[in-house]
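Thanks for coming. I will talk through one model today, with the sequence and structure on the screen.

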Amino acid sequence: MHNLTLAEQKAQLEAKAFSSVELTQHYLERIERLDTDINSYITVTAAQALAQAEEADKARARGEGGVLNGIPIAHKDIFCTDGVKTTCGSRMLENFVPPYNAHVVDNYLRAGAVMLGKTNMDEFAMGSSNETSYYGRVHNPWAPNCVPGGSSGGSAAAVAARLAPAATATDTGGSIRQPASLCGVTGIKPTYGRVSRWGMIAFASSLDQGGVITLTAEDAALMMNVMAGFDHRDSTCIDHPVPDYSAGLNDSLEGLTVGIPEEYFGEGLNPETEKAVQAAIKEIEALGARTKAISLPHSSLAVPAYYVIAPAECSANLSRFDGVRYGYRCENPQDLEDLYKRSRGEGFGEEVKRRILVGTYALSAGYYDAYYRKAQQVRRLIKQDFDNAFNEVDIIAGPTATSPAFEFGAKGDDPVAMYLEDIYTIATNLAGLPGMSIPCGSVDNKPVGLQLIGKAFDEARLLNVAHRFQQVTDFHRQAPAEID
Amino acid sequence: MNPQDIQKIAHLARLQINDDVAAETAKSITEVLNLVDQLQSADTDGVAPMAHPLDAVQRLRADEVTEGNQRDAFQAIAPATENGLYLVPKVID
């Protein structure tokens with residue numbers, strides 16, 4: 001059952017080939033057997049999942065049920081779940097049990113999906129290897145001595161290891177696409193404002209966006225149909241019609257123009273990764289699209305701009321964790337200042353503290369213009385690069401990551417080496433555009449991802465291109481050999 | 001960045017940084033600041049800063065009460081409360 005895609009499981013449930021309880025039990029058994037080695041889940045909600053599955057089966061027997069009725073999925077542990085611990089990968093929220101559901105979680109509940117549990121992640125979504133999680137590192141199912149990518153490393157590893165057919169995720173600078181690439185699965189980061197951030201623990205509010213990780217583009221479309229949409233409780237959510245993302249999956253690619261940015265194929269790109277990405281682009285050409293060389297001249301400034309804007313927003317967002325209202329509180333505080341400082345100092349990990357400090361510095365008196373204002377100006381230049389490119393092309397294609405999954409500890413103690421891991425994904429967040437990663441080959445038996453970037457609200461086009469590609473390739477069907 | 005600078009910023013952020021790691025922290029933050037200094041090479045004369053990628057403006061809603069009182073639910077997850085109040089160390093003698 002676990003090698004079926006979500007779409008296939010949906011059809012089989014509808015045909016009553018198996019029940020939701022059977023499917024859910026199957027995944028729970030796999031999680032129990034395999035996840036001690038992978039560590040993709042922080043919390044498994046077995047009893048609740050089986051109860052939801054039973055309800056889904058009853059609904060089906062009555063001829064009722066939502067579009068994902070009885071399908072088990074996992075949620076990244078950044079989405080608040082009513083009555084279920086939500087840690088955001090941090091010691092700070094080790095005992096945090098939210099009194100409400102995130103908008104996205106409610107949407108999936110209403111659609112009849114079953115929640116298997118909450119997936120591991122870099123602490124507060126800050127990282128590209130899942131090594132900053134307080135709950136231990138996640139092992140890449142393709143190469144257990146390697147990272148799964150991050151920050152949605154748990155979601156990507158869970159889907160790759162067939163411990164869930166789909167998982168929610170979030171992407172602030174590449175946190176859906178880069179782990180999807182490193183784990184050989186499909187991931188989509190929608191347009192900024194497409195998905196409500198309500199109940200999604202904030203890191204950098206002008207960049208954060210919820211999305212999904214699945215085996216196929218067809219599955220991603222089914223998940224997006226439930227996830228996307230306006231929510232008045234998120235002031236940056238955009239009231240824009242939601243198309244049926246499944247409707248155009250099979251559209252022809254004849255006449256489509258794919259932009260190939262020269263800056264994404266320069267120094268630093270692993271030659272074997274490049275080969276796989278170039279072959280994938282040829283495959284898309286064979287489907288009827290034509291390619292055009294383009295330039296995104298400010299690409300090299302995306303990482304520097306991001307590491308001002310994201311830490312600045314993080315330092316403001318994370319000021320809410322004060323040891324008073326919820327979350328970690330230090331032992332025996334001497335006074336209020338000691339309570340704040342030690343609760344935060346002991347509750348946050350090293351990378352989170354580093355970003356709070358960088359952000360506080362960038363926003364402090366005398367430095368604002370040199371850092372934050374300058375970064376926001378560069379952000380506009382990066383957005384203009386994309387605007388110019390999209391006057392000539394329909395989508396942009398290139399690598400998702402510079403190389404396949406790296407070994408634990410490979411980026412050492414240098415934060416900048418890790419930051420450069422997101423060199424091809426960060427600009428998309430700064431410009432608010434949708435992006436996708438789909439498996440397109442492998443290097444030393446480790447997956448490689450092809451990145452597709454679209455115009456604002458053009459997710460359907462990305463899914464269409466990805467689906468057509470997956471109709472003529474089988475990279476997305478390959479499963480890690482050691483996981484059975 | 002030296003350890004004293006780090007302690008000054010850490011105070012602004014109300015973040016405890018132990019003295020034994022302050023030098024290490026100063027070093028790594030210097031590396032990050034060296035990275036972001038590449039921004040200075042960009043010509044941004046006359047470029048308006050961009051706060052929202054789609055240049056959306058803040059939506060306003062009607063000034064109506066939409067949330068009920070959920071004090072018990074919220075305080076159930078607090079580290080320390082008493083009689084409906086959050087407990088903190090004494091602030092005023």
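**Two chains and their contact**

The contact takes 41 residues from chain B and 59 residues from chain A. Two residues are in contact if their C-beta atoms, placed from the backbone, lie within 7 Å. On the side of chain B that touches chain A, the elements giving two or more residues are H1, helix H2 (19–36) and H3 of chain B. H2(B) gives the most to that side, with six residues. Helices (H or I, at least four residues) and strands (E, at least two) are DSSP runs, numbered from the N terminus. By type, the residues on this side of chain B are 30 nonpolar, seven polar and four charged. Here Ala, Val, Leu, Ile, Met, Phe, Trp, Tyr, Cys and Pro count as nonpolar, Asp, Glu, Lys and Arg as charged, and the others, Gly among them, as polar.

A word on the source. This is a predicted model, in which local features need pLDDT of at least 70 and side-chain atom pairs count only at pLDDT 80 or more, while totals for chains, interfaces and linings use all residues. Residues are numbered from 1 along each chain as its sequence is written, and chains are lettered from A and ligands numbered from 1 in the order in which they are written.

The model scores ipTM 0.96 and pTM 0.97. For chain B the mean pLDDT (the predictor's confidence in each residue, from 0 to 100) is 93, and 100% of its residues reach 70 or more.

Now chain B by itself. Chain B has three helices and two strands, in the order α-α-α-β-β along the sequence. What is its radius of gyration, next to that of a compact globule of 93 residues? Chain B has 22 Å, whereas the globule would be near 12 Å. That radius is taken over C-alpha atoms, and the globule rule is 2.2 Å times the number of residues to the power 0.38. Of the 93 residues in chain B, 17% are buried. A residue is buried if 20 or more other C-beta atoms lie within 10 Å of its own, exposed if 12 or fewer, and partly exposed in between, with C-beta atoms placed from the backbone.

Next, chain A. Its secondary structure comes to 15 helices and eleven strands. The radius of gyration of chain A is 21 Å, close to the 23 Å that the rule gives for 484 residues, so chain A is as compact as a globular protein of that length. Buried residues make up 62% of the 484 residues in chain A.

The largest nonpolar core has 159 residues, and among those with the most contacts inside it are A:Ile73, A:Leu116 and A:Ala164. Helix H9 (residues 302–317) of chain A gives the largest share of this core, ten residues. Such a core is a set of buried Ala, Val, Leu, Ile, Met, Phe, Trp, Tyr and Cys residues joined through C-beta atoms within 7 Å.

Last, one strand. From strand E5 (residues 186–189) of chain A, A:Thr186 and A:Ile188 point one way and A:Gly187 and A:Lys189 the other way, and all are buried. E5(A) runs antiparallel to strand E6 (residues 209–214) of chain A, joined by three bridges. Two strands pair if DSSP finds at least two bridges between them. In E6(A), A:Thr214 stands opposite A:Thr186. E5(A) also pairs with strand E10 (residues 435–443) of chain A, in the antiparallel sense, over three bridges. There, A:Ser437 is the bridge partner of A:Gly187.
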